[in-house]
Amino acid sequence: MAVQISPSILSADFARLADEAARVPNADWLHVDVMDNHFVPNLTIGLPVVEALLKATSTPIDCHLMIEDPDRWAPAYAEVGAGSVTIHAEAAKAPVRTLRQIRAVGARSGFALNPSTAVEQYEDLLPEIDMLLLMTVEPGFGGQKFLDVVLPKIRRARELIARYGGEVWLQVDGGVAADTIERCAEAGADVFVAGSAVYGAADPSAAIDHLRELATT
Ligand code: DX5
Ligand code: ZN
């Protein structure tokens, strides 16, 4: 699958989200980090802002739910029109049901693992998952340092997906930048979230082109 870049608006200016979305016309997705101050020690935005953003941009929205009780809240993000909705393995109590509910309303189902969560235990869930997200930092904040210890897990996840044989995108999120993206791509990732590396750049759109080129070659 072609490389996809999903800039995280966590590093954008929250007071000007529509303008910030317009600065990245070459993004494949806009990554929206929903945090609830419980699953992670940070509070960001929720459903009303996602709805407003959907009206303000034609770029599909990739919702990353870092919240407790995603089984209760995730389907609503799909219903309002997010193209992809990702729930965390560590928070979901009925992941199969929730992943199916996300798909049932036409969104892509995403399943995220924190750095210390093993991927092997979820091999049987791959048929329910359109995108597996491997966190390459502890979730909660942008601008953290990429965790190299996750690289072998990216490789193993890619092997499990190959063995399963279906199409599952493999996303990495956290510390993905010009100096780390090639290692992620080489290990088998194909969807790259980048917050500070895109919105911290003088020209976010050029930063996306550069990241895409590094991940492709
Ligand atoms: C962190 C979020 C990330 C964050 C990444 O918990 O899930 O999406 O925005 O930011 P950078 O790319 O700056 O590490
Ligand atoms: Zn994220």
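Predicted model: local features only at pLDDT ≥ 70, side-chain atom pairs only at ≥ 80, totals over all residues.
Ligand 1 is surrounded by 22 residues, and the closest are Ser8, Leu10, Gly142, Gly195 and Ser196. By residue class, the shell around ligand 1 holds twelve polar, eight nonpolar and two charged residues. An unreviewed UniProt entry lists residues under "binding site", among them Ser8, Gly142, Gly195 and Ser196, and also His64, Asp173 and Gly143.

Gly142 sits in the loop between β6 (131-135) and α5 (151-164). Apart from neighbours within four places in sequence, Gly142 is in contact with Ser8, Leu10, Ser11, Gly195 and Ser196. Gly142 has 21 other C-beta atoms within 10 Å and is therefore buried, the cut-off being 20 or more. Gly143 lies in the loop between β6 and α5. Gly143 has 13 C-beta neighbours inside 10 Å, so Gly143 counts as partly exposed; a residue would be exposed at 12 or fewer.

The other topic is the pair α3 and α4. The axes of helix α3 (residues 70-80) and helix α4 (residues 95-104) come within 8 Å and cross at roughly 10°. Angles under 35 degrees count as roughly parallel, and α3 and α4 are therefore roughly parallel to each other. On the α3 side the contact is made by Pro70, Asp71, Ala74, Pro75 and Ala78, which meet Arg97, Thr98, Gln101 and Ile102 in α4. The residues of this contact divide into five nonpolar, two polar and two charged.

How values were computed. Residues numbered from 1 in each chain as written. Chains lettered and ligands numbered in written order. Near = placed C-beta within 6 Å. Nonpolar A, V, L, I, M, F, W, Y, C, P; charged D, E, K, R; others polar. UniProt positions renumbered as here; feature names shortened; annotations may be inferred. Helix = DSSP H or I, 4+ residues; strand = E, 2+ residues; numbered from the N terminus. Contact = placed C-beta atoms within 7 Å. Axes fitted to C-alpha atoms, helices over the stretch in contact; angles between N-to-C directions. Parallel < 35°, antiparallel > 145°, perpendicular 65-115°, else oblique.
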